[in-house]
Amino acid sequence: MDTNKYQIFLKVLEHRSFSKAAAELGYTQSAVSHSIAVMEKEFGFQLLNRKDNKISLTRAGIDLLPHIRNVASAQDELDLSLQSYRGIESGTLCIASIMSLPMQFFTELFRRFHEKYPAVHIVCIDGNYEELEEMLSGGRVDFGFTSVTSSLPFEYVPLVRDRLMAVFPANHPLCAKETVELSDLEYYDFIMPGEGPNHQIGELIRKYGLKLNSPYSVSDDNFTVKMVSDGLGVSILPEMSFKNYLDLPIESRELREKPYRNIGIIYRHWDQLSPLSRILINEAKDFFSKLSPNNSVSHLPWFSELDYSRKNQGSN
């Protein structure tokens with residue numbers, strides 16, 4: 001079976017661009033367009049919408065995407081098995097991550113992985129929570145590193161716990177406190193951070209009935225830190241997201257309620273992951289399990305506090 005057309009289709013979907021897919025695959029743009037056109041002709045209907053230089057899946061494309069990925073993944077597994085007999089491990093992994101993780105941890109994680117599998121090419125895309133979930137649902141990435149909640153419609157691997165901290169400008173009245181209560185933040189302008197109201201911050205607001213005055217909602221934690229340092233308000237941020245900005249005029253305090261976010265790896269189905277994906281996931285589990293206590297995150301067992309129903313069975 002010729003599965004090359006499926007690989008081309010997935011690469012176009014990953015980049016949302018014929019030209020970028022062609023550049024990565026080493027084809028001409030016309031060859032990529034021709035491959036998609038032939039595939040749609042064989043199927044008898046359109047898989048991709050092409051409008052105003054934007055590419056999206058049709059209804060049929062959405063329905064068939066899991067099957068196309070399965071065929072392409074099966075071919076990847078066959079190729080990988082064949083290569084393993086020749087002493088070669090190669091291929092491409094496309095992963096997504098919330099923005100605070102790569103700066104803190106991925107350099108060392110990728111270095112260790114590359115030493116073991118030098119022929120593997122890793123594509124890493126960052127984004128906020130909603131963007132990452134959309135990329136995974138749409139098949140643009142193999143798996144993602146993000147904040148895990150029990151409501152996510154994905155299977156997951158738990159990694160670490162990251163404290164949520166109150167942050168405010170230097171010389172702010174809250175600097176006088178050793179520990180801040182969530183209710184203390186109701187008296188000041190609150191900058192809604194990148195994770196938005198649908199994740200841990202939103203859960204805190206609902207759980208404690210907070211009445212926050214939020215004149216700003218910012219999709220990027222880095223910009224949230226800058227706004228806080230410039231005196232536009234206070235916020236709640238994961239500890240690792242502002243670790244690299246302590247030279248700015250900001251202060252942070254532990255919250256008395258001790259909230260945190262759970263960092264993990266999410267994916268659609270464990271048995272549909274490629275062998276390379278499983279290898280990197282297990283490498284990441286091993287890497288995070290050995291983090292020094294001096295790291296900004298606390299490695300604590302927390303998965304008993306979450307819904308077990310979708311957690312994968314494997315560190316196989």
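Buried means under 20% relative accessible area, exposed means over 50%, and partly exposed lies in between (1.4 Å probe, protein chains only). This is a predicted model, where local features need pLDDT of at least 70, side-chain atom pairs count only at pLDDT 80 or more, and totals for chains, interfaces and linings use all residues. Residues are numbered from 1 along each chain as its sequence is written, and side-chain values use heavy atoms, with hydrogens and water left out.

Start with Asp126. Its relative accessibility is 45%, so Asp126 counts as partly exposed. Asp126 sits in strand 4 (residues 119-127); strands (E, at least two residues) and helices (H or I, at least four) are DSSP runs, numbered from the N terminus.

Turn next to strand 10 (residues 235-238). Both its faces are covered. Ser235 and Leu237 are buried on one side, Ile236 and Pro238 on the other. Strand 6 (residues 155-169) runs antiparallel to strand 10, joined by four bridges; strands pair if DSSP finds at least two bridges between them. Met165 stands opposite Leu237.

Now the salt bridges. Each is a side-chain nitrogen of Lys or Arg within 4 Å of a carboxyl oxygen of Asp or Glu. The count comes to 17. In helix 1 (residues 4-15), Glu14 and Lys11 lie three residues apart, about one turn. Their side chains meet at 3.1 Å, N to O. Glu14 is buried at 6%, and Lys11 is buried at 10%.

Glu283 and Lys116 form a salt bridge at 2.9 Å, N to O. Glu283 lies in helix 9 (residues 275-289) and Lys116 in helix 5 (residues 100-116), so the pair ties together parts 167 residues apart in sequence.
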